[in-house]
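Subject: Structure handover

Hi,

Here is the structure I promised to pass on to you. Please load it in your viewer, and then read on for what turned up in it.

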Amino acid sequence: MRKSLKALALAAALTALQAGLAHADLKIGFAAEPFPPFSSKDASGKWVGWEVDAIDAVCKAMNEKCDYVEVAWDGIIPALQSNTIDVIWSAMSITPKRREIIDFSDPYYRTTLFVVGPKNGDLDVDSKHLSGKTIGVQGATVSAKHAEESYAPAGAQIKTYATQDEANQDIASGRIDYTIASAAVMSGFLKTEGGQACCEYKATIDDPKVLGEGIGAGLRKGDGALKAKIDAAIKAVAKSGEFDKITAQYPELKDAITTPKP
């Protein structure tokens, strides 16, 4: 009887351990909306892009198995807080407002914003000059916040989109006048047939008050152990030169982002 009880106890312990291991994989949250060249799905449904390659390298450096979870951008922080995901890895800017509700890893890249508008040679993007114009931005981004704070008070109409692709489609078709977004994304758009036909680069926004501290992994408040692991992995990937190798695979990012240096 004792042996049977011991055997049952051992079996229960092993089952619990296996259950724990089964849930030990890190759940990495990507915004479901495409954000090329950082993250999007290829024809087979596989996640591809700079962000995907970078988190693959970081997970390898941590010796962790990572699972990718799609989450709508406007629900990605609630998904983190509800334990649906463990990490936000989706081009999220580190800002004071976000720091109030979640923690962040060290930055794993920095970028600027581009203002893009009609192909007319007019490079004046002063808020008064854009009064009466319609500016398209992806919702819940630093671009949207900047547009609402800097351009809306001067009379510009701000139109928000679920994805930057939708904003790009509307500026290409003339339904909006300007858009503001990541330099990396917009430099790629301006090289497309539609982008070349309609639009031109107007200005760069490189203000830390707008951009925050850089792009970091979003973490639940107080998850210090995971933050330490990710920070160490980011440093290891930078030291190995892997960030540079990854960026080299995306020519449109060459002058648009900077990654940590050893």
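Let me start with a cysteine pair: Cys-59 and Cys-66 are both buried. They are joined to each other by a disulfide, with an S to S distance of 1.9 Å. The torsion about their S-S bond is about -100°, so this disulfide is left-handed.

Before going further, please keep in mind that this is a predicted model. Mean pLDDT for the protein is 91, and 91% of the residues reach 70 or more. The part to treat with care is residues 1-23, where pLDDT stays under 50 and the model has 0 contacts beyond four places in sequence. Where pLDDT is low, the predicted coordinates should not be read in detail.

**Overall picture**

The protein has 262 residues, of which 47% count as buried. Its secondary structure comes to 11 helices and 14 strands, and the C-alpha trace spans about 85 × 35 × 35 Å along its principal axes. If you look at contacts between residues at least 6 apart in sequence, 71% of them join residues at least 24 apart.

**The disulfides**

How many disulfides does the structure hold? There are 2, and with bonded cysteines counted along the chain they follow the pattern 1-2, 3-4. Besides the Cys-59 to Cys-66 bond, there is one between Cys-198 and Cys-199, whose sulfur atoms are 2.1 Å apart. For Cys-198 and Cys-199 the torsion about the S-S bond is about -95°, so that disulfide is left-handed. Both Cys-198 and Cys-199 are buried.

**Helix H2**

Cys-59 also belongs to the list of buried residues in helix H2, along with Trp-50, Glu-51, Val-52, Ala-54, Ile-55, Ala-57, Val-58 and Met-62. The helix covers residues 50-62, 13 residues in total, and reaches 18 Å from its first C-alpha to its last, close to the 18 Å expected at 1.5 Å a residue.

**The five-stranded sheet**

Next, an open sheet of 5 strands, with mixed pairing and the order E10-E9-E11-E8-E12. Its edge strands are E10 (157-161) and E12 (199-205), each of which pairs on one side only. From one strand to the next, the twist averages 25°.

Strand E8 (residues 113-118) runs antiparallel to strand E11 (residues 178-182), and 4 bridges join the two. Within that pairing, Phe-114 stands opposite Ala-181 of E11. E8 is also antiparallel to E12, this time with 6 bridges, and here Val-115 stands opposite Ala-203. Although E12 is an edge strand, it is mostly covered, with 5 of its 7 residues buried.

Helix H6 (residues 164-172) lies across E8, E9, E10, E11 and E12, and runs at about 150° to E11.

**Two single residues**

Is Ala-79 buried or exposed? Its relative accessible area is 8%, so Ala-79 is buried. This residue is found in helix H3 (residues 76-81). Leaving aside neighbours within four places in sequence, Ala-79 is in contact with Val-71, Thr-84 and Ile-85. Ala-79 and Glu-64 are 15 residues apart along the chain, and their C-alpha atoms are separated by 21 Å.

Ser-40 has its place in strand E2 (residues 40-41). It has a relative accessibility of 16% and therefore counts as buried. Which residues does Ser-40 contact, leaving aside its neighbours within four places in sequence? They are Pro-34, Phe-35, Lys-46, Trp-47 and Val-48.

Methods:
Residues are numbered from 1 along each chain as its sequence is written. This is a predicted model: local features need pLDDT of at least 70, side-chain atom pairs count only at pLDDT 80 or more; totals for chains, interfaces and linings use all residues. Side-chain values use heavy atoms; hydrogens and water are left out. The expected span of a helix is 1.5 Å times one less than its number of residues. Buried means under 20% relative accessible area, exposed over 50%, partly exposed in between (1.4 Å probe, protein chains only). A disulfide is a pair of cysteine sulfur atoms within 2.5 Å. Two strands pair if DSSP finds at least two bridges between them. Axes are lines fitted to C-alpha atoms, for helices over the stretch in contact, and angles run from 0 to 180 degrees between N-to-C directions. Contact means heavy atoms within 4.5 Å. pLDDT is the predictor's confidence in each residue, from 0 to 100.
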